Amino acid sequence: MPENLRQIRPIVTALMLAVLGATLAACSGGDFGRTRADMRSDDMHRWLGAEVTSSVGLKPSRFQLTDEERQLRDLAYPLIEPPLSRPAWKSVFGDYKALPSPWRQTIVFDRTMYGRTLIDEPHRSHSSRYTQLMEDVRNDITRFEPFFASAIRVIDLDKKRNASMARVSSLSPKEKEDAVERMQENSLIIQWVQQCLEQRVSSYRWGLERLVIQAPDGMAADADRLIGELAAQTANPPVAAQPPYGRAVVSKG
């Protein structure tokens, strides 16, 4: 019997290693929660345009993305993905996914979700919750300027595009339609980010209020100051995208 066990052990070990290897190979997440290289592409955020236009009954453009338009979408995604929407265990295995725009009829914004997640998740101490909150707010403040700098460039180029169409020789109806659709996409993506920032400020404030009630700490004043800074930036963005071509865009969140 001992001899049989010695023969079986290597087989069992090999099977376990094979299963573990297959599991790790199937993971889509990279080191430290980053999206794996094979999950990234130049146009990985192109879907933002299709999502935002279809949500208000418009069509996406068939034009290829310019470098500026691609950067706008890349910078928009971190501000659109809700904070704390990716639990730590999912970050390891990858959790990148398309998100519904705020104009989808079934989407209802819940300002309590961030705070409840922050409080319910296991933490070493209550101070680490304040630290997490402040880190999330700082990240948004850091992302604010690069995104809106990109938005300014895209809107400026779209104004030139719109003015140029009247002077383009033999402009086909389809070309004009795709150009208009691209300008609509860009404008709606900027509006999407603006709405998400407003929602984040509301969520952060709700979460901070609950933290103060459950675990008062001197860190609350620093967190409140950071949220105030983000709120001030959000209330006065350097550029405000207008509803495309007179269409009234209504947020359901």
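The secondary structure of the chain amounts to 8 helices and 0 strands, where helices (H or I, at least four residues) and strands (E, at least two) are DSSP runs numbered from the N terminus. Along the sequence the pattern reads α-α-α-α-α-α-α-α. This is a predicted model in which local features need pLDDT of at least 70 and side-chain atom pairs count only at pLDDT 80 or more, while totals for chains, interfaces and linings use all residues. Residues are numbered from 1 along each chain as its sequence is written, and side-chain values use heavy atoms, with hydrogens and water left out.

**Chain totals**
- Of the 253 residues, 38% are buried (under 20% relative accessible area, 1.4 Å probe, protein chains only).
- The accessible surface is about 14600 Å², and carbon and sulfur atoms hold 57% of that area (Shrake-Rupley method, 1.4 Å probe).
- Of the contacts (heavy atoms within 4.5 Å) between residues at least 6 apart in sequence, 82% link residues at least 24 apart.

**Nonpolar core**
- The largest nonpolar core has 45 residues; such a core is a set of buried Ala, Val, Leu, Ile, Met, Phe, Trp, Tyr and Cys residues joined through side-chain atoms within 4.5 Å.
- Ile80, Leu133, Val137, Phe147 and Trp192 touch the most other members.
- At least two residues of this core come from each of α2 (47-54), α3 (67-80), α5 (113-120), α6 (126-164), α7 (173-214) and α8 (219-235).
- Beyond neighbours within four places in sequence, Val137 contacts Tyr204, Leu226, Ile227 and Leu230.

**Asp178**
- Asp178 is part of helix α7 and counts as buried because its relative accessibility is 4%.
- Apart from neighbours within four places in sequence, Asp178 contacts Ser61, Arg62 and Phe63.

Methods
Buried < 20%, exposed > 50% of the residue type's maximum accessible area, 1.4 Å probe, protein only.
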